[in-house]
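Hi,

Here is the structure I promised to pass on.

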Amino acid sequence: MKFKRLAAILCGAAIFTSSICFATVSDDKISLGKLSPGISADELIAICGQPTSRDGDDWIYKTFKAEIERGIVEKISTRSESITTTDGVRVGQAAEILNLTYGKADKVDRDYDDTEYTYYNDSRTKKIEFKVVNGVITKITCEIKD
């Protein structure tokens, strides 16, 4: 009987610990350059100027793409090595930089030819996601989480 009680306590502690061990990234870390999801389209234009082209809600700039919905930047993504996150992470770097910079990812999705590492903010309303192919970051996306 004591063994069952001890096992139940240890199991409960493990579940509780795993539920609070998210990497959580502060809101200011979920950005590409000076851009973060949640800014207005007017702020985006003030910072970067007019996009080179538009395709529906997608505003395409030379080094990144922004998705605009109801006048708000919902998502920003880049495949360019010239844009970095607030912490200096950029496309082209080895994936090991992610653990050193952000800690263990909140979510890891492995696919046939790539892996996506996702980190959420404290309130889990925003996320930053890194697509990795052959151990190298190939895309960075910051977005408001639906």
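Below is what I found when I went through it.

First, the caveat: this is a predicted model. The mean pLDDT of the chain is 87, with 84% of the residues at 70 or more. Confidence is lowest in helix α1 (residues 2–20), where the mean is 42, and highest in strand β2 (residues 58–60), at 98. Over residues 6–20 the pLDDT is below 50, and that stretch has zero contacts in the model beyond near neighbours in sequence.

Now the overall layout. The chain has three helices and eight strands, and from the N terminus they come in the order α-α-β-β-β-β-α-β-β-β-β. Of its 146 residues, 34% count as buried. Taking contacts with a separation of 6 or more, 46% are between residues 24 or more positions apart.

Eight strands make up an open, antiparallel sheet, ordered β1-β2-β3-β4-β8-β7-β6-β5. β1 (53–55) and β5 (107–110) are the edge strands; each has a single partner, so one side of each is left without a neighbour in the sheet. On average, neighbouring strands are turned by 20° against each other, direction ignored.

A few pairings, if you want to click through them:

- β3 (residues 65–69) and β4 (residues 72–78) pair antiparallel over five bridges, and Lys-65 sits opposite Ser-77 in β4.
- β6 (residues 115–120) and β7 are antiparallel and joined by six bridges, with Tyr-117 opposite Phe-130 in β7. The two strands form a hairpin with five residues between them, and Arg-124 in the turn has a positive phi of about 60°.
- β7 and β8 are also antiparallel, with eight bridges; Ile-128 has Cys-142 in β8 as its bridge partner. This hairpin has two residues between the strands, and Asn-134 takes a positive phi near 50°.

β7 is mostly covered, too: six of its eight residues are buried.

On to the packing. Which residues have the most contacts inside the largest nonpolar core? They are Leu-44 and Phe-130, in a core of 28 residues. At least two core residues come from each of α2 (41–48), β3, β4, α3 (96–102), β7 (126–133) and β8 (136–144).

Leaving aside neighbours within four places in sequence, its contacts are Leu-35, Ile-39, Gly-49, Trp-59, Tyr-61, Phe-64, Ala-66, Ile-68 and Val-73.

Val-73 in that list lies in strand β4. Is Val-73 buried or exposed? Its relative accessibility is 1%, so it counts as buried. Not counting residues up to four places away in sequence, Val-73 touches Pro-37, Gly-38, Ile-39, Ser-40, Leu-44, Ala-66, Glu-67, Ile-68 and Ile-144. For Pro-37, which is 36 residues away along the chain, the C-alpha atom is separated from that of Val-73 by 5.3 Å.

That's everything I have for now.

Cheers

How values were computed: Residues are numbered from 1 along each chain as its sequence is written. This is a predicted model: local features need pLDDT of at least 70, side-chain atom pairs count only at pLDDT 80 or more; totals for chains, interfaces and linings use all residues. Side-chain values use heavy atoms; hydrogens and water are left out. pLDDT is the predictor's confidence in each residue, from 0 to 100. Helices (H or I, at least four residues) and strands (E, at least two) are DSSP runs, numbered from the N terminus. Contact means heavy atoms within 4.5 Å. Two strands pair if DSSP finds at least two bridges between them. Axes are lines fitted to C-alpha atoms, for helices over the stretch in contact, and angles run from 0 to 180 degrees between N-to-C directions. A nonpolar core is a set of buried Ala, Val, Leu, Ile, Met, Phe, Trp, Tyr and Cys residues joined through side-chain atoms within 4.5 Å. Buried means under 20% relative accessible area, exposed over 50%, partly exposed in between (1.4 Å probe, protein chains only).
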